[in-house]
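Here is a short tour to read with the model open on your screen.

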Amino acid sequence: MSTLARIVPNSAHPADDAAELSRLEARLPPLLSVIAGMVDLTGFFTLGHIFTAHITGNLVVAAAAAVQGGPFNLAQALAIPVFMLALAVVWLIAQASHRRGPSLARLLLLVQFLLLAAVLIFSVITKPSTNQHALMAGIAVMIAVSAMACQYALLRLAIPGAISTAVMTGNLTNTVLSLMDLSSSRHPLLPVDADRLRRSLHLLFGFLAGCVIAAAAVSWLGDWAWSLPVALAAVALALR
């Protein structure tokens, strides 16, 4: 079944839902990838070198610190179980709302916006960047991790045909292999899908742009750098 057919069975306007889902599938993931890049980079620089978007990267950092005898960062250890818990909570929200497709996407975009706004307010008030291994930084990490869990769950639950904004290694792999197939005169090894290649490129460039912009923002704005992903989350919420 195609993505456009996966809409609410009892919807009063299934054609309108299908059209809006198609628009969201095309426009939303690139914007969310920019947000993910901003959140990951801002969190890494201001909250103790913890990945708030690429959650499993914390396993690598924690293992390296353990082998080298570095200081133990409890927030790194908690990031993955908190991410899993947040995913479960988002699933419960989706089930309780009885929404599907675009309607569910709007609800979860609102949740993401509120969580990122909470990170911004909390960071501006408590200044966790001044003591990145203290309790306040750990709390900020968990809120940011929950926001990213909401984003990734949003794509899987509401727009299942969209490419993930989290698996940048996978997107990079698909992009390079697809480009090799397109440039070869031999029989392609992968299914020819120019649209998916284009979307993967958009996500890669979006995430990179988010990282670069966030790096500059952290240098200039400090904890106020969280205002940028909050602003883009508001744009995503208003997207139609």
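## Starting at Ile139

Ile139 lies in helix α5. The model you are looking at is a predicted one, so please read each value as computed from its atoms.

If you step back along the chain by 20 residues from Ile139, you come to Val119. The C-alpha atoms of Ile139 and Val119 are separated by 8.9 Å.

## The helix around it

Helix α5 is built from 24 residues. From its first C-alpha to its last, α5 reaches 34 Å, close to the 34 Å expected at 1.5 Å a residue. How many residues of α5 are buried? The count is 19 of the 24, so α5 is largely enclosed by the rest of the structure.

Met148 is also found in helix α5, and its relative accessibility of 0% places it in the buried class. Which residues does Met148 touch, leaving aside those up to four places away in sequence? They are Ile35, Ala36, Val39, Thr52, Ala53, Phe83 and Gln112. Thr52 is 96 residues from Met148 along the chain, yet their C-alpha atoms are separated by 7.1 Å.

Now for the second largest pocket, which has a volume of about 150 Å³. It is lined by 14 residues, and the closest to its centre are Ala75, Ala134, Leu135, Gly138 and Ile139.

Helix α5 gives the most, with five residues. Sorted by class, the lining holds 10 nonpolar and four polar residues, and no charged ones.

## Helix α8 and its buried face

Next, follow the chain to helix α8, which covers residues 227–238 and has 12 residues. Its reach from first C-alpha to last is 17 Å, close to the 16 Å expected at 1.5 Å a residue. In α8, the buried residues are Pro229, Val230, Ala233 and Ala236. Seen down the axis of α8, these buried residues fall within an arc of 115°, so they line one face of the helix.

Take Ala233 as an example from α8. Its relative accessibility is 0%, and it counts as buried. Leaving out residues up to four places away in sequence, Ala233 touches Ile35, Gln112, Phe113 and Leu116. Ile35 and Gln112 are also among the residues that Met148 touches. Ala233 and Leu114 are 119 residues apart in sequence, and 9.0 Å apart in space from C-alpha to C-alpha.

For a contrast, look at Val60 in helix α2, which spans residues 57–68. Val60 is exposed, with a relative accessible area of 58%. Val60 and Gln76 are 16 residues apart in sequence and 9.9 Å apart in space, C-alpha to C-alpha.

Most residues other than glycine have a negative phi. What is the phi of His98? It is near 55°, a positive value in a residue other than glycine. His98 lies in the loop between α3 and α4, the latter being residues 101–126. With a relative accessible area of 67%, His98 is exposed.

Lys127 also has a phi near 55°, again a positive value in a residue other than glycine. This residue sits in the loop between α4 and α5. Lys127 is partly exposed, with a relative accessible area of 35%.

## The whole chain

Finally, zoom out. The protein has eight helices and zero strands, and along the sequence the pattern reads α-α-α-α-α-α-α-α. What share of the 240 residues counts as buried? The figure is 45%.

Technical notes. Residues are numbered from 1 along each chain as its sequence is written. This is a predicted model: local features need pLDDT of at least 70, side-chain atom pairs count only at pLDDT 80 or more; totals for chains, interfaces and linings use all residues. Side-chain values use heavy atoms; hydrogens and water are left out. Helices (H or I, at least four residues) and strands (E, at least two) are DSSP runs, numbered from the N terminus. The expected span of a helix is 1.5 Å times one less than its number of residues. Buried means under 20% relative accessible area, exposed over 50%, partly exposed in between (1.4 Å probe, protein chains only). The arc is that of the directions from the helix axis to the C-beta atoms. On a 1 Å grid over the protein atoms alone, a cavity is a set of points where a 1.4 Å probe fits but cannot get out, and a pocket is an open set with protein on both sides within 12 Å along at least five of seven lines; lining residues have an atom within 4 Å of a point. Grid points are joined across faces, edges and corners, and a volume is the space filled by probe spheres set on the points. Ala, Val, Leu, Ile, Met, Phe, Trp, Tyr, Cys and Pro count as nonpolar, Asp, Glu, Lys and Arg as charged, and the others, Gly among them, as polar. Contact means heavy atoms within 4.5 Å.
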